[in-house]
Amino acid sequence: MNQAYGELFLLIDGQWISAKQRASSPVVNPATDEVIGHVPHATMADLERAIESTKKGFKVWKNTSAYERAKILRKAAGLLRERSEAIATTLTMEQGKPLFEARYEVGSAADYFEWFAEEGRRSYGRVVPSRSTAVQQLVKKEPIGPVAAFSPWNFPAITPSRKIAAALAAGCSIIIKPGEECPGTAIEIARALQDAGLPPGVLNVVFGEPSVISEFLIQSPVIRKVTFTGSVPVGRHLSELAGRALKPITLELGGHAPVVVCEDANLDATASILAAGKFRGTGQICLSPTRILVQRSVIEEFLAKFVKASQALKIGNGFDPDTKVGPLSNGRRIKAIGDMVADAKSKGARVMTGGERVPGKGLFWQPTILADVPADALVMHEEPFGPIAVVLPFDTLDDAIEEANRLPYGLAAYGFTESARNAVRLGNELEAGMIGINHTQMIVCELPFGGIKDSGQGSEGGAEGIQSYLVTKFISQV
Ligand code: NAD
């Protein structure tokens with residue numbers, strides 16, 4: 001057990017339950033292959049207690065004023081900032097991303113708590129003029145009820161915080177199952193909330209076999225709302241479970257982000273922004289730019305600059321201050337990336353840089369750029385969720401937009417151009433929930449985050465983020 005990595009727990013009804021009395025699974029540092037901890041798995045009895053606890057927690061929390069709720073959320077944000085260095089260290093150990101990115105992520109998680117603390121205070125209803133002066137008509141927003149949330153391992157601080165902060169701000173209680181690969185960060189977030197004064201039962205944290213937990217929680221009559229971030233197939237499955245139980249579900253799923261680089265773009269800036277954006281998080285980001293469509297007249301010049309900018313990114317352990325690209329987070333990604341690169345090569349793709357696993361300890365894969373990738377290659381259809389970019393030529397903007405919109409994904413899309421006319425067309429015609437023109441930084445608490453088509457439903461963040469945790473009640477009073 002590594003000293004810098006704390007013990008891992010379940011949090012049920014305000015009690016921390018360690019792996020000592022439970023089945024558990026190992027947590028592995030993906031940069032060193034070292035086992036750094038063991039995450040306890042909830043038993044069925046634990047899940048039943050979590051349900052009882054969230055029911056009780058909901059009663060307490062919905063009767064706590066929005067003002068008092070906001071105070072606790074803001075205090076938790078402050079504790080996250082105070083503890084940022086320790087939490088970021090935990091995050092880098094379990095997830096692998098560079099420490100500077102982990103620090104940024106913890107700060108972002110705190111931003112979400114502050115943002116939603118205030119949004120909770122602005123969940124206004126309205127008074128509607130009635131047809132009779134004797135009648136008063138109120139439209140109120142109320143918390144939907146206890147929430148079951150499932151968050152992944154790629155952003156272990158932001159993804160649980162976005163769900164927890166919005167649910168709590170609305171007055172809901174929540175049971176969250178964060179990713180088992182990176183449990184330590186979510187535990188620290190829960191600890192900050194508990195230390196800030198969150199009553200027992202308002203937040204429960206469980207780990208275990210994801211399919212067992214999701215099935216149990218979604219079917220429970222106590223749970224009124226489901227939220228999931230992860231892959232399209234799992235999202236589809238959870239959506240079916242939620243549909244059968246008639247529960248609304250928010251889904252943040254995968255993407256295959258297209259990028260349209262017009263011949264009038266600033267190619268130096270575009271190449272360096274895309275190298276940083278593509279290989280950030282080692283490509284394990286749902287917004288990651290994947291199909292880079294470049295106008296034919298500038299494609300070779302762009303490729304040379306993009307390859308150079310990508311080769312300048314240092315791969316290594318996230319604790320090395322020069323590291324820009326950490327390891328992949330688990331063995332599943334190594335296999336998936338290996339299979340995609342081999343498939344593209346066998347079908348005639350040119351490997352412009354990378355294409356190999358880095359030998360030695362850890363799950364490192366070289367930033368990989370592929371050109372001349374045929375339309376039937378796997379990487380042209382499936383989300384790589386890893387450090388692979390595909391560069392393809394286009395002739396007209398119509399062609400680029402058609403290719404960009406070809407896949408059922410619709411999470412993020414990007415355009416690089418100095419032309420206002422092109423920028424307006426790309427903003428209007430690319431089919432995605434989030435569009436970046438001349439940049440790729442899209443994760444900010446005050447903006448809605450979410451996809452369309454198969455990439456999901458609903459938004460987290462922004463003014464929209466709290467709405468899915470609220471229901472509308474109409475009161476007519478004579
Ligand atoms: P996966 O589909 O097995 O798991 C993704 C996440 O869903 C994990 O956190 C996992 O614990 C959880 N999960 C899996 N089955 C579940 C179930 N039945 N009930 C509840 N939760 C469940 O894939 P993976 O190998 O962990 O990750 C790779 C894929 O996941 C990628 O291709 C990507 O599409 C997707 N992903 C997306 C995001 C995102 O931000 N949208 C984040 C992480 C992973």
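**Ligand shell and selected residues of the predicted model**

Apart from residues up to four places away in sequence, glutamine 137 touches Arg126, Val127, Val128, Pro129, Ser130, Phe474, Ile475 and Ser476, where contact means heavy atoms within 4.5 Å. The structure is a predicted model, in which local features need pLDDT of at least 70, side-chain atom pairs count only at pLDDT 80 or more, and totals for chains, interfaces and linings use all residues. Residues are numbered from 1 along each chain as its sequence is written, and side-chain values use heavy atoms, with hydrogens and water left out.

Glutamine 137 lies in strand S6 (residues 136-143); helices (H or I, at least four residues) and strands (E, at least two) are DSSP runs numbered from the N terminus. Its relative accessible area is 18%, so glutamine 137 is buried (buried, under 20% relative accessible area; exposed, over 50%; partly exposed, in between; 1.4 Å probe, protein chains only). A polar atom of the glutamine 137 side chain lies 3.2 Å from the backbone oxygen of proline 129. Such a polar contact is a pair of N or O atoms within 3.5 Å; within protein, one must be able to donate a hydrogen and the other to accept it, and residues adjacent in sequence count only if both atoms are side-chain atoms.

The ligand is surrounded by 24 residues, of which the closest are Trp153, Ser214, Ser231, Arg332 and Glu383; a residue is counted if one of its heavy atoms lies within 4 Å of the molecule. Helix H7 (210-219), strand S10 (225-229), helix H8 (232-244) and helix H11 (331-346) each supply at least two residues of this shell, and H7 gives the most, with 3 residues. An N or O atom in the side chain of tryptophan 153 is 2.8 Å from an oxygen atom of the ligand. A nitrogen atom of the ligand lies 3.4 Å from a backbone N or O atom of proline 210, and a polar backbone atom of leucine 253 is 3.0 Å from a nitrogen atom of the ligand. Taken alone, the ligand exposes 800 Å², and the protein buries 86% of that (Shrake-Rupley method, 1.4 Å probe).

Serine 455 is located in the loop between strand S18 (434-437) and strand S19 (456-457). With a relative accessible area of 0%, serine 455 is buried. Its side chain reaches the backbone nitrogen of glycine 410 at 2.8 Å. Beyond its neighbours within four places in sequence, the contacts of serine 455 include Leu251, Glu252, Leu253, Pro408 and Leu411.

Leucine 411 is placed in the loop between H12 and strand S17 (412-416) and is likewise buried, at a relative accessible area of 2%. Outside four places in sequence, leucine 411 is in contact with residues including Leu253, Cys286, Leu287, Met434 and Ser455.

Glutamate 382 and threonine 396 are both partly exposed, with relative accessibility of 41% for glutamate 382 and 38% for threonine 396. Glutamate 382 occupies the loop between strand S15 (368-371) and strand S16 (388-394). Excluding neighbours within four places in sequence, glutamate 382 is in contact with His256, Met340 and Tyr409. Threonine 396 lies in the loop between S16 and helix H12 (397-404), and its C-alpha atom is separated by 9.0 Å from that of arginine 296, 100 residues apart along the chain.
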